[in-house]
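Dear colleague,

Please find the structure below.

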Amino acid sequence: MNAQHTPEDSTSPTPSVASPSHALRRRTVLTGSAAAAALAAAGYAAPPAAAHSKGHGGGGAGGDTATFTVLGTTDLHGNVFNWDYFKNAEYTDSALNDIGLAKISTLVDAMRSSHAHPCPLLIDAGDTLQGTSLAYYYAKIEPIGRRVVHPMARAMNAIGYDAAALGNHEFNYGIPLLRTFERQCDFPLLGANAHDAATGLPVFSPFVIKRVRVGRHTVRVGVLGLTNPGIAIWDKANVEGKMVFPGLVEVAKHWVPKMRKAGADVVIVSAHSGADTSSSYGDALPYPENASTLVAEEVPGIDAILVGHAHVEIGQRVVTNKTTGKNVILTEPLRWGMRLSAIDVTVKRRRRGSGYDVVAVTSQVLNANTVDEDPQIVKLLQADHDKVVTYVNSVIGTSLVAMSAATAPWEDVAALDFINYVQADAVKKAIAGTPEADLPMLSIAAPFNRAAAIPAGEVSVRDVAGLYIYDNTLLGIVFTGAEVKAYLEFSARYFKPVTGAGPFPSSQVTNAVTDTAPNGTPDYNYDVMGGLDAPLTYDIDLSQPVGSRIVGLAYDGAPVATDQRFVIAINNYRQSGGGNFPGVTTAPVVYNAQVEIRQLLIDWVSEVGTIDPALFASVDWRLVHAGAPITVTG
């Protein structure tokens with residue numbers, strides 16, 4: 001592997017300084033007892049090595065040891081404020097979590113106040129640019145550029161991030177927008193395994209080394225950024241022929257020794273890759289999607305990993321490196337700014353030679369729902385937020401009845417029928433006059449958001465956008481009847497086996513654990529399929545084993561023949577292998593105009609004006625047990 005950088009690298013992996021003056025540039029608004037109270041409420045406990053010292057230095061800073069802190073966020077997904085744009089209200093969930101960088105900023109300020117010497121480093125593990133209406137607005141409605149700065153860049157600059165790894169969702173809006181965002185950030189975007197497709201060289205800085213001063217000590221802290229190999233599948237249209245994404249383990253083995261040779265006393269990996277080894281794309285790539293534990297086990301020289309991508313909370317997990325026998329600490333703060341990870345590192349000066357050895361690492365997470373939003377961040381971005389709120393609340397049509405997605409994972413609902421109708425109708429119109437124009441048209445949709453609902457009466461942009469929370473684009477592919485059946489059988493893995501017709505709570509029926517989903521199959525990896533001009537009907541029999549659950553599959557009342565041909569409206573995530581559904585990546589593509597599905601839905605409502613479920617809604621599939629309909633209570 002070539003160790004050189006391409007001319008595109010905006011930051012070379014050379015040491016930079018994080019000093020007390022740097023800390024002053026990143027304003028601190030909480031001091032003294034207020035900061036201590038905020039941290040105690042958030043659940044922070046000072047590590048034993050530093051408990052005696054406000055500055056983590058104390059006696060240690062004057063002796064042979066020094067302790068400092070690295071703070072981390074991940075999967076912010078465009079969340080600045082504690083706000084749900086789809087509900088037009090403050091965010092809340094059953095666990096009473098709060099979200100957003102404005103809350104994180106308050107926690108960071110409290111940590112800086114209580115850890116003034118040295119000021120903690122602050123890093124992120126990716127997925128910043130997609131996920132909210134705010135992120136969408138500044139990518140598509142008023143795109144960032146010379147005169148428009150991305151709200152996430154403005155917030156992260158103001159808070160004072162030191163580095164951020166690239167997430168897979170950074171590529172959703174294309175490489176040019178990502179490069180614009182990169183130029184707007186005051187900190188490097190790191191991606192050691194994002195390579196130029198032609199040269200094999202990194203196209204983002206692989207790592208950065210920061211000098212942290214603790215009393216009379218100067219500790220060199222290296223941060224290596226790793227992104228997700230799945231980008232090659234999920235954003236194939238944006239990166240194919242331009243970038244390739246080799247495995248995290250393979251690339252870390254190359255760069256960690258170079259970081260040590262460059263003088264890093266401590267190596268922290270910021271990895272947009274889950275801790276529990278698995279891949280939603282199966283064996284479509286030779287590199288696992290979630291590989292942080294593998295990196296810790298197989299790459300010597302790493303002290304801690306800030307984990308991202310999986311959207312789970314890990315306060316501290318200890319993994320033993322197979323070569324050195326040393327422990328590596330993994331931590332993952334919960335998504336959207338719900339948590340802030342704090343990694344406390346204690347080092348000891350080497351008796352021979354220069355530099356330091358790590359003697360202790362601990363980590364924990366701080367809960368953002370215990371603090372108020374930072375008023376300076378609110379003031380900085382209120383105008384951007386207000387502009388987006390106005391946009392998403394603009395009325396674009398009416399609905400004759402209310403439609404909810406709350407029960408979409410276990411029963412046929414009009415809300416998903418609406419998505420399938422719009423998708424199928426768009427593909428059918430686009431392929432008119434082609435050889436496939438006369439084939440039966442089907443469409444697939446997943447229950448992305450159980451909270452989504454279209455109200456009766458006036459319908460706004462946010463109502464429609466809530467049905468489709470991802471920035472997927474639409475394609476048309478050709479399937480045989482056998483492939484339709486195999487696809488639905490794979491989708492039916494989402495359900496757990498049951499012993500009768502119920503009633504059952506949904507937790508006993510949905511989100512089954514599989515070989516590629518050790519934490520349970522997410523809703524977005526369960527697809528329903530429907531017909532446009534005639535119904536596609538089927539039962540899912542949960543008395544049967546996985547692979548034999550689809551019963552009575554018929555199109556327009558006639559059994560589907562194995563060699564019958566269909567056009568399938570499908571999103572780019574699924575078609576490129578996301579979820580590892582069978583047949584999709586090799587199926588002939590008959591339509592791919594890079595049109596975003598969410599915008600298709602918004603445009604359809606704007607043009608038609610009235611949503612009438614009589615046009616598209618019918619009950620065409622159901623859950624059964626040995627033929628008896630299953631009752632799910634929610």
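In strand E28, Phe566 is the bridge partner of Phe479. Helices (H or I, at least four residues) and strands (E, at least two) are DSSP runs, numbered from the N terminus, and two strands are said to pair if DSSP finds at least two bridges between them.

Before going further, please note that this is a predicted model, in which local features need pLDDT of at least 70 and side-chain atom pairs count only at pLDDT 80 or more, while totals for chains, interfaces and linings use all residues. Residues are numbered from 1 along each chain as its sequence is written, and side-chain values use heavy atoms, with hydrogens and water left out.

At the E24 side, strand E20 (residues 441–445) is joined to E24 by four bridges, and the two run antiparallel. Ser443 has Gly530 of E24 as its bridge partner.

Contact means heavy atoms within 4.5 Å.

**A three-stranded sheet**

A further open sheet has three strands in the order E22-E18-E30, with mixed pairing. The edge strands, E22 (457–460) and E30 (610–611), each pair on one side only. E18 (residues 395–399) and E30 pair in the parallel sense over two bridges, and Ser399 stands opposite Ile611.

**Two helices**

Which residues of helix H2 (residues 32–42) are buried? They are Ala35, Ala38, Leu39 and Ala42. Seen down the axis of H2, these buried residues fall within an arc of 95°, so they line one face of the helix; the arc is that of the directions from the helix axis to the C-beta atoms. They pack against helix H4 (101–114) and strand E17 (356–367). The face turned away from the buried side carries the exposed residues Ser33 and Ala40. After H2 comes Gly43, whose phi is positive, near 95°.

Helix H5 (residues 133–141) is largely enclosed by the rest of the structure, because seven of its nine residues are buried. Those residues are Ser133, Leu134, Ala135, Tyr136, Tyr137, Tyr138 and Ala139. What covers them includes helices H6 (151–159), H7 (175–184), H12 (375–392) and H17 (597–608), together with E29.

**Nonpolar cores**

A nonpolar core is a set of buried Ala, Val, Leu, Ile, Met, Phe, Trp, Tyr and Cys residues joined through side-chain atoms within 4.5 Å. The largest has 143 residues, and those with the most contacts inside it are Phe171, Phe418, Val484, Met529, Leu536, Tyr538 and Ile540. Helix H13 (residues 414–430) gives the largest share of this core, nine residues. Leaving aside neighbours within four places in sequence, Leu536 is in contact with residues including Leu442, Val484, Met529, Leu553 and Asp620. A second, separate core of 29 residues includes Phe207, Ala264, Val269 and Ile314.

**Cysteines**

How many disulfides are there? With a disulfide taken as a pair of cysteine sulfur atoms within 2.5 Å, the count comes to zero. The sulfur of Cys119 is 18 Å from the closest cysteine sulfur, in Cys185, which is too far for a bond. Cys119 counts as buried, at 9% relative accessibility. Cys185, also at 9% relative accessibility, counts as buried.

Notes: Buried < 20%, exposed > 50% of the residue type's maximum accessible area, 1.4 Å probe, protein only.
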